[in-house]
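Walk through this model with the viewer open. The text below moves from one site to the next.

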Amino acid sequence: MRFDNSYARLPARMYTRLNPEPVSDPQIIAVNAPLAAELGIDPAQLTAEVLAGNALPEGAEPLAQAYAGHQFGGWVPQLGDGRAILLGEVVGEHGRRDIQLKGSGRTPYSRQGDGRAWLGPVLREYILSEAMHALGVPTTRALAVATTGERVQREQGFPGAVLTRVASSHIRVGTFQYFAARSDTEALQALTDHVIARHYPNADGPMDMLRGVVQAQARLVAQWMSLGFIHGVMNTDNTALSGETIDYGPCAFMDGYHPSTVFSSIDQYGRYAYQNQPNIAAWNLAQLATALLPLMADREAAIEEATEVVNGFVEPFQAEWMRLFRAKIGLAREEEGDETLITGLLGRMATSNSDFTNTFRALTREDASAHITDPGAWDSWLPDWQARLAREPGEAVDHQATMRAANPVLIPRNHRVEQAIQAGLTGDFAPFHRLNAALAAPHVDNPDYTDLTHPPEDHERVTRTFCGT
Ligand code: AMP
Ligand code: MG
């Protein structure tokens, strides 16, 4: 691995140097060979010892990053990598990537936690993050899963595991908040310079960086919405400056569509419900803006400008949302009434609790009516859609190609993820590997994977997801 550890060169108070805690019996469950190749890593280097934290690859400079954050709107001044260690950054053909072990033992930021992860959430993050990547959504990646041979105590004892996570960086809104809250302007400046160099090389100063982050987050959340993805824990410490999806804790793809859907067991008030995600993203960006103010000369003017920049979330979000949802109903060109047409369909889907993924995909095959069970609802939408498609350039085959590219056949359905985890807990990883193989080509109609397109039966339904801590 060609390490070049730029974060480790930042002021020492921004992190704590320490090694992962060794485990008793490391075993490899999965290695993501295509990702290793992208990173220029020889898979032979990815031994069980390395992937569980027992051995360090040459050039690694392990550290735990300090950060803070707003969790469910409440300020927590001290978070940080409580169960993760950044081994370092590798520079490959696609640029610089963090290599992080998650579940690698206690750190000074562990608070009451044990620093460990159990197999369930690790398999979950592997499946979900790789599926998101295959769906074209910016995301952290999963390079490997290793088991530790040790038990992790939760509601019951579970096998311990370590995920090797890859990210363009692990810097969060909460990382900025940590230094702002400590009035550590020097660290804040160093972090800003680091993020600009790493993610926004054309940005001229913190305000311009903020502008870039707003754009990236707006595009990201629009993509989530277009796939029925619910992040579930959009705290500021889970909002990456890179614009990648990070933290696959209680996240889930919706089966039946309803805008107020919530999965997370701890999200009692639906703060992070599907429909709230754009507002929450903007709220998180406002926290970033606030954290950046100490770097700006004229505070009053800066507050005014930063407010404008954060409010600027709406426009790129709306534009991207419209582009994505237009494509989902076969439209490439823009017309005035498109939004009404799209929200008209979504409203009908909500009333019928239509399967989000399958209904959109069915538009391609013209059997979508079966999904809109509310009497008369489909018939009152269809003519408007057909009239609109008739005004669209190209033939029906072109519209269908647009739709097929925008509407995946396969998403990591909760009940399938759960089944893969349950099998994994008995030592059978075949369903996990099969699910990953299927999700690598989510837009392909593959008869081998028809079962994975089905919504859950009542007894399979997963109604609650957990943080995995
Ligand atoms: P998360 O819910 O994964 O975003 O984590 C929130 C905070 O809790 C972060 O600072 C984590 O490092 C920390 N944390 C979560 N689980 C554990 C654990 N098992 N041991 C120590 N710290 C943890
Ligand atoms: Mg987190």
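**Arg 154 and its contacts**

The side chains of Arg 154 and Asp 114 are joined by a polar contact of 2.7 Å. A polar contact here is a pair of N or O atoms within 3.5 Å; within protein, one must be able to donate a hydrogen and the other to accept it, and residues adjacent in sequence count only if both atoms are side-chain atoms. The model is predicted: local features need pLDDT of at least 70, side-chain atom pairs count only at pLDDT 80 or more, and totals for chains, interfaces and linings use all residues. Residues are numbered from 1 along each chain as its sequence is written, chains are lettered from A and ligands numbered from 1 in the order in which they are written, and side-chain values use heavy atoms, with hydrogens and water left out.

Stay with Arg 154. A polar atom of its side chain also lies 2.9 Å from the backbone oxygen of Arg 116. Arg 154 sits in the loop between strand E9 (141-153) and strand E10 (157-167). Helices (H or I, at least four residues) and strands (E, at least two) are DSSP runs, numbered from the N terminus. Arg 154 counts as buried because its relative accessibility is 16%. The classes are buried (under 20% relative accessible area), exposed (over 50%) and partly exposed (in between), with a 1.4 Å probe and protein chains only. Trp 118 is 36 residues from Arg 154 in sequence, and their C-alpha atoms are 8.5 Å apart in space.

Now turn to ligand 1. Which residues come nearest to it? Of the 18 residues around ligand 1, these are Gly 80, Gly 82, Arg 111, Gly 115 and Asp 247. Near means that a heavy atom of the residue lies within 4 Å. The shell divides into two nonpolar, eight polar and eight charged residues. In this scheme Ala, Val, Leu, Ile, Met, Phe, Trp, Tyr, Cys and Pro count as nonpolar, Asp, Glu, Lys and Arg as charged, and the others, Gly among them, as polar.

Arg 111 places a polar side-chain atom 2.8 Å from an oxygen atom of ligand 1. An N or O atom in the side chain of Asp 114 is 3.1 Å from a nitrogen atom of ligand 1. For Arg 154, an N or O atom of the side chain is 3.5 Å from a nitrogen atom of the ligand. On its own, ligand 1 has 480 Å² of accessible area, and the protein covers 90% of it. Accessible areas come from the Shrake-Rupley method with a 1.4 Å probe; for residues, only the protein chains shown count as cover.

Is Arg 111 itself buried or partly exposed? Arg 111 is partly exposed, because its relative accessible area is 48%. Arg 111 belongs to the loop between strand E7 (95-102) and strand E8 (117-118). His 133 is 22 residues from Arg 111 in sequence, yet 32 Å away in space, C-alpha to C-alpha.

Asp 247 leads on to the metal. The protein donors of the magnesium ion (ligand 2) are Asn 238 (OD1) and Asp 247 (OD), at 2.1 to 2.2 Å. Donors are N, O and S atoms within 2.8 Å of the metal (3.2 Å for Na, K and Ca); water is not among the atoms, so sites may look incomplete. Both Asn 238 and Asp 247 are buried.

Thr 245 comes next. Thr 245 lies in the loop between strand E11 (229-230) and strand E12 (252-253). With a relative accessible area of 0%, Thr 245 is buried. Its side chain reaches the backbone oxygen of Pro 138 at 2.9 Å. A polar contact of 3.0 Å joins the side chains of Thr 245 and Trp 224.

Most residues other than glycine have a negative phi. Phe 72 has a positive phi, near 50°. Phe 72 is in the loop between strand E4 (69-71) and strand E5 (74-76), and is partly exposed at 28% relative accessible area. Ser 183 also has a positive phi, about 50°. Ser 183 is in the loop between helix H4 (173-181) and helix H5 (185-199), and is exposed at 62%.

Finally, zoom out. The chain is divided into domain 1 (7-167) and domain 2 (321-406), with bounds from an automatic or database domain assignment. Their C-alpha centres lie 40 Å apart.
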